[in-house]
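Please examine the sequence and the structure shown below before reading on.

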Amino acid sequence: MTRKPVHLALYDTWADWETGHATAHLALAGFEVRTATPGGRPVTSTGGLHAGPDLALEKLRPEDSSLLILPGATAWDEGDDLAPVARTARAFLDAGVPVAAICGATAGLAREGLLDDRAHTSAAAAPYLAATGYAGAGRYVEADAVTDGPLVTAGPTEPVAFAREVLRLLGAYDDKAVDAWYRLFHHSDPAAYAEWTEAVSR
């Protein structure tokens, strides 16, 4: 079965370290990972990496994608420049296509009202998400990463847990393999390496 691509939204100041585990292991599982930026413009990460997009975010359609990944960025908290990105996430969720947001991207979703009725996590409920004025504080979960239906959220210190939830949500690997992968990359469990390689070689 042909899998639709996964789309990684990039914008200036995106956090380099937050989505690499997810995109790398989705690619290894056979998903094509494509980048989309506002206006189709080249962008620069927090670490100074320059990225040219595969397509403009405005041309991205939910029906052409398996998942939209939104990394954190200081730009999420510095005005409304990324509001159109949050609106793209709304279009995906309205269409039942998964969205995965980490760090500052969760605040963007909160401002868009997308966390009001969904279980979620972030850097902190207060003061960070509370500062957005959103109505979803009662759905906040103190966890490394949270999946509620087609939405994955995580805080800035949890890129591995974030990837774990993404890999599970898309069925990139079976549960045994994902568990071993998480123990390997999060806990540095040496026993997990053999379990992981065995699981993915089947």
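Which residues in helix 1 meet which residues in helix 4? In this predicted model, H21, A22, H25 and L26 of helix 1 meet P159, V160, A163, V166, L167 and L170 of helix 4. By class, the residues of this contact divide into eight nonpolar, two polar and no charged. Two packed helices are described by the angle between their axes and by the distance between those axes.

**Helix 1 and helix 4**
- The axes of helix 1 (residues 20-28) and helix 4 (residues 159-170) come within 8 Å and cross at roughly 35 degrees.
- The crossing of helix 1 with helix 4 is right-handed.

**Residue H25**
- H25 lies in helix 1.
- H25 counts as buried because its relative accessible area is 9%, and buried means under 20%.
- The side chains of H25 and W181 make a polar contact at 3.2 Å.
- Apart from its neighbours within four places in sequence, H25 is in contact with L167, Y173, W181, F185 and W196.

**Helix 5 and helix 6**
- Helix 5 (residues 175-187) packs with helix 6 (residues 190-201) at an angle of about 145 degrees, and their axes are 8 Å apart.
- Helix 5 passes helix 6 in a left-handed crossing.
- Helix 5 contributes A177, A180, W181, R183 and L184 to the contact, while helix 6 contributes A191, A192, Y193, E195, W196, A199 and V200.
- The contact of helix 5 with helix 6 comprises 10 nonpolar, no polar and two charged residues.

Terms used
Residues numbered from 1 in each chain as written. Predicted model: local features only at pLDDT ≥ 70, side-chain atom pairs only at ≥ 80, totals over all residues. Heavy atoms only, no water. Axes fitted to C-alpha atoms, helices over the stretch in contact; angles between N-to-C directions. Helix = DSSP H or I, 4+ residues; strand = E, 2+ residues; numbered from the N terminus. Left-handed = near helix turned anticlockwise from the far one by under 90°. Contact = heavy atoms within 4.5 Å. Nonpolar A, V, L, I, M, F, W, Y, C, P; charged D, E, K, R; others polar. Buried < 20%, exposed > 50% of the residue type's maximum accessible area, 1.4 Å probe, protein only. Polar contact = N/O pair within 3.5 Å; in protein donor to acceptor, adjacent residues only side chain to side chain.
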